[in-house]
Structure formats: structure tokens, C-alpha cells
Amino acid sequence: MARATRLIVILALAALLWPAAGPAQARLITDMAGRQVDVPAVVSKVYATAPPAAYMVLALSPKLLVGLNAPPPESARGYLSPRLWDLPVLGGWFGQGRGANLESLLAARPDVVLAFGWRNQPAQWKIEQTLAPLGLPVLRVELGGLADFPRFFLFLGELCNQPERGRALAAHAQGVLDDMARLRAAVPPPKRPRVYYAEGPRGLHTECDQSFHAELIELCGGQNVRKCRAGGIYGMESVSMEQVLAYDPQVILSHEPLFLGQELKQGLWRGLPAVREGRAYAIPTRPLNWFDRPPSFMRLLGAHWLAHKLHPQLYPVDMAAKTMEFFRLFLGVELSRQAAEELLGP
């Protein structure tokens, strides 16, 4: 009964806030699933159902977002647009068991909704059934990995009347992909370093080599030691210390302060080649994680960082300069060299 009452309220709100569409529904656009959808002539207000899509919109222009899926991290202040902290948190369909507040979403009055899904995960499109009563234009957007970033940016630029901006971001993304392809071509698979991605405070969670969470490892010329097919979107596969020892990683990556500051310095971890040789690296995390969680546009900069860590002789880039260039293009932030070096860490 409560659910039925809530639906009636939502429908009533939709009728009040969204009168019958007139001239505003002025054009057809083809979404990333190949469907044609009516959208307003000018799209200036966007809601995305999950962080990966929301952050792509943020890169195009933070002014487009009408609300967030989750509060922005405090560590991002000074790097992301200040207006993000004034936006309502509307929720979304991501992680484990979340959903959006439909009444708040209606009140935010987006011009369009981007229904995000990872490729080959059809369950993600069920959110459209939930959104249908709202009467909002819903466009499907999807990612399978970094290779889809150029297409995604081009689509957003067309949708949001910013084609030049979309092309600029797409060109940058394609340049990163091309750089990584050249690097991989120069390193035969047997010569690629064995990499373990340590998650959780004890470092005993990780990601399969087939998981989008750890995509950068293979993309940047490394070998993910965890060979398996991901059991779901969330990831965080449990492993034992015995398994980690058997993997014998030459490089360890982590964004967990407790693991890097304590666990890694004691016990059996110290005997691993990665630890003995000083190749356990803290993933940069400001303003957002450069590697994973969330899988955002920051991965494009993370690819340069990881390629340089894995292959310093073959990929001798000036990471401070790369970071300054990236922040200028994607975030509109001018970093000093010292600030860039602080973000990179040791």
C-alpha cells in the first residue's frame, strides 16, 4: 500500500512539474544503445544514474549536473567545482542496493536522465522501468572500459550542445589509448611485470584480470596476477595470504592508507619482490581515485602514472607536467608544479 501511495504522489508531481511536451522537445538524438530519443533543443540540466556517467558529465561541464549520486569527497575541495557541494544528493543505481529518491529527482527537473550500465550487464537497464512514470527523456549510456571514453565524450558533447568540448576530451582520451597501445607493443607479454591490486585494510581483496575495476593494469603493460572472471559488478574478490605469496607480485598497487602504512610493513608481505624492491605504490586519489572506485575520467591520468611506474625506462614521462595539463583540460584548474608533485606522492 505504501508503495502504491508513493507511486501516486510521484505521478502527481510529474504532472505538475512536467506539463505536456511542446516545442521544447525539438530534436531526436541516438543514445549509446542505438535508440532514438526525443530531447529538448537545449540540454542544460542532466542527471546520471551512477557515478561513472556523472563524472563524465562533470568533465564536460560541472554546470550541467542537477544533482549527485553521493556527496563529493572532502579531499576534492579545491579541485572539483565548488558548486558540487551545493547540489542535492539524489542517490542512484550503483554499488550495493542503492536507488535514487524519485521525488527529489523530479524536483531537480533535469532535461534528460542518463541511465548508465556496464556493457553486457542488462540488469542495469531495469532502472528505466523505475524511471518510466516520471516522464523524463531517458538515454542509455554505457562503458565497457577506457576504449569507450572517446565515444562517450563525443555523445555527451552532442547531447549537451557542447560538441567542441566533447571533441577535445575525446581526442585526449584517444591519445592516452594510443600511447598505451604503443607501450604494450614494445613489451612482450612474458616481460610484463606481475601486478597485485591490494584492496581492503589488510590487502586481501583484489580484482580479477577480467574486471573493469583493474583494467589499467593490462592496459598499461602489466599482468594482473589474479586470473579469473569477475563474479559481479562490485568486485572485491577475497584472497588468502597464501595466494598472494604464490602470485609473487613484482608490483603492488593500493589506495588503502591502513594497508600501505601498517600491514605491508610487517609479516609475510615483507618477503614479496614488490616490497623488497620498493615497488609497492600508493595510488593517487585526489580529487578522485586515479585507478578505480570510482572508475572515472581520472583513469586517463592514472594510465600515464601507472605506465610510468611499471615501465620507467620505456615510458619516461614528466608526470608533474602531465598532471598539470590534465587538470587544466578536464577540471579547469591551474596547478603549480609543486602542487602537482604533491598529488603524485612519492
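The protein is divided into domain 1, residues 26-147, and domain 2, residues 188-344; these bounds come from an automatic or database domain assignment. This is a predicted model, in which local features need pLDDT of at least 70 and side-chain atom pairs count only at pLDDT 80 or more, while totals for chains, interfaces and linings use all residues. Residues are numbered from 1 along each chain as its sequence is written, and side-chain values use heavy atoms, with hydrogens and water left out.

The centres of domain 1 and domain 2, taken over C-alpha atoms, are 28 Å apart. Domain 1 gives 18 residues to the contact and domain 2 gives 21 residues, where contact means heavy atoms within 4.5 Å. Between them the two domains bury about 1,700 Å², with 77% of it on carbon and sulfur atoms. Buried area is the accessible area (1.4 Å probe) that two parts lose on being put together, summed over both. On the side of domain 1, Tyr79, Trp118 and Leu146 supply 43% of the area buried against domain 2, more than any other three residues.

Helix α2 (residues 51-60) makes the largest share of the side of domain 1 that touches domain 2, with five residues. Helices (H or I, at least four residues) and strands (E, at least two) are DSSP runs, numbered from the N terminus.

Across the interface of domain 1 and domain 2 there are zero salt bridges, a salt bridge being a side-chain nitrogen of Lys or Arg within 4 Å of a carboxyl oxygen of Asp or Glu.

Aromatic rings come next. The count is 11 aromatic pairs. Rings of Phe, Tyr and Trp (its six-membered ring) pair if their centres lie within 6.5 Å; planes under 30 degrees apart count as stacked, over 60 as edge-to-face and the rest as tilted. Phenylalanine 297 and phenylalanine 326 form a stacked pair, 6.3 Å centre to centre with 20° between the planes. Phenylalanine 297 lies in the loop between β11 (280-282) and α11 (299-310) and phenylalanine 326 in helix α12 (residues 319-331), so the pair ties together parts that are 29 residues apart in sequence.

The backbone also has some details to look for. Most residues other than glycine have a negative phi, and most peptide bonds are trans. A cis peptide bond, with omega about 0°, joins arginine 286 and proline 287, and proline 287 lies in the loop between β11 and α11. Arginine 293 and proline 294 are also joined by a cis peptide bond, with omega about 0°; proline 294 is found in the loop between β11 and α11. Aspartate 248 has a positive phi, near 50°, and lies in the loop between α8 (241-247) and β10 (251-254).
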